[in-house]
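Please look at the structure first.

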Amino acid sequence: MNFYGVRAIYNFEMARMKRTVMQSVLSPVISTCLYFVVFGSAIGSRMGDIDNISYGAYIIPGLVMLSLLMQSISNASFGIYMPKFSGTIYEVLSAPVSYVEVVLGYVGAAATKSVILGLIILATARLFVDYEVLHPFWMVAFLVLTSVTFSLFGFIIGIWADGFEKLQIVPMMIVTPLVFLGGTFYSIDMLPSIWQTVSLFNPVVYLISGFRWAFYGVSDVHIGISVGMTLVFLTACMLAVWYIFKTGYRLRS
Amino acid sequence: MQPDISVQHLSKVYGDGFQALKDINLEIKRGEIFALLGPNGAGKTTLISIICGITNLSEGKVEAAGHDIVRQYRKARQSIGLVPQELNTDSFETVWNAVSFSRGLFGKAPNPEHIEKVLKDLSLWDKRNNRIMSLSGGMKRRVMIAKALSHEPQILFLDEPTAGVDVELRRDMWEMVRKLRENGVTIILTTHYIEEAEEMADRIGVIREGQIILVEEKDQLMSKLGKKELRLQLQSKLDKMPGELTLEPIELSEDGYELIYTFDSQQEQAGVARLLRTLGDLGIDYRDLQTRESSLEEIFVGLVHE
């Protein structure tokens, strides 16, 4: 195990976050705060409770998930795409690090950033809305699991992308709609039954539902299914990364 | 002694079917400076990339410092430092952080004294807290060398190290390479500048169309393939070549004031004596004469155009 190698990549990526703190921390925090102000305080007071939870509190888990997914993907994809783009990837490829170690460094750093960001957003939300966390262990578990899973997903996108546009396409065109339609702002039960069925094909539904259960003990789908689906997606990402390194896809010719 | 780099029957075919290397066999001795020469696209960078682990090999076996580069890639890669051709740097990092990062990446515990020494040797110490993007091209090149030396490699690859570098830096770099060799580091450099190989290398390999066509001690190569030339400045103009001389490999300059005689340096020197005797017999006087050996550049051009 090349411990120093993993640490070097991890610290390098964390240093990048410190350099770009405005973009990678402050900007998602501010945009999430705007949601809280508009939907939580302003409009939220006129909305009815959902499952006996005030609307402002109800949307917190979904909004945290939104930031978590977007930032995990963008951190991890940028982390590996930039060396590819600038050519400094040669150093990682020629270093005595195994692919597991490369992933630990890049994905570990991206996931750490996301967890930190998620906690900051939760702390900030407290300023606007009163909420409780019924199952703190599961809350943290979902936070970490989702961060790791989507950092892995971002890592895959970063390797696949051969231009800056492709880096943006997946988070903007696919993930954002999935989060908005995944029950961030409403309960799936509120939809007509046909759309309820369609929603079940949206993987983000399971993440938000599970995360919300950790807060308030209510969920759209059973918590076991939520955990299961998250693990399925995590495994799929791991298999994809394994395939990438085994074949050298877009890394080693 | 065991070679530091051993390449056996190495072939590389890229995904698009292009065969970049064909059955390469090469051994590089510990502590020598080996220059790999070849025209653009001959396979120099592919060969280096395979040894360093950046490109996968298609067939064959490569060992670095006695370790198989596939099965024992950790030990093999730990022994290698690479300075690639392109100036690829982390623009936003400071020099110190970038060089320290490289050391960690190669599995070595932090050692600020070593990093300090490397930076000082490369005249980068004053710039250690500067972001790399603020440095000049030559300074960036030094940073890349510092990164490659950060983990104290046994083998150093320099891929076109002096391309686009000013004279001062080139001299500095040659000096640095000599010092490294004194410390027992094996150095492999590819270059377009034949004078560089001529100045530095112990041995020279020539690669053409993915094949190694020659590996020789530099001095032997120069004497074996080198042509010598004797130029005689004549006292008076010759209108045409005297018939007695037409059998010799000799030419008359256009103005008729110079005779140019070329011969292999290995060939017995009798040719020169015979020529001078013949000139004496013919009553052709000369003011001055010079001999010179052909440079490696001429040898190289001769080889790759064969």
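## Terms and model

Angles under 35 degrees count as roughly parallel, over 145 as roughly antiparallel, 65 to 115 as roughly perpendicular, and the rest as oblique. The model is predicted: local features need pLDDT of at least 70, side-chain atom pairs count only at pLDDT 80 or more, and totals for chains, interfaces and linings use all residues. Residues are numbered from 1 along each chain as its sequence is written, while chains are lettered from A and ligands numbered from 1 in the order in which they are written.

## A helix pair in chain A

Helices here are DSSP runs (H or I, at least four residues), and strands likewise (E, at least two), numbered from the N terminus. In chain A, α10 (residues 203-216) and α11 (residues 223-247) have axes that come within 8 Å and cross at roughly 130°. Axes are lines fitted to C-alpha atoms, for helices over the stretch in contact, with angles from 0 to 180 degrees between N-to-C directions. α10(A) and α11(A) are therefore oblique to each other.

Residues are in contact if their C-beta atoms, placed from the backbone, lie within 7 Å. Among the contact residues are W213(A) of α10(A) and F233(A) of α11(A).

## Two domains in chain B

Chain B is divided into domain 1 (5-222) and domain 2 (227-304), with bounds from an automatic or database domain assignment. Their centres, taken over C-alpha atoms, are 42 Å apart. Domain 1 of chain B brings 11 residues to the contact and domain 2 of chain B eight. On the domain 1 side, α7(B) gives the most, with three residues.

Notes
Contact = placed C-beta atoms within 7 Å.
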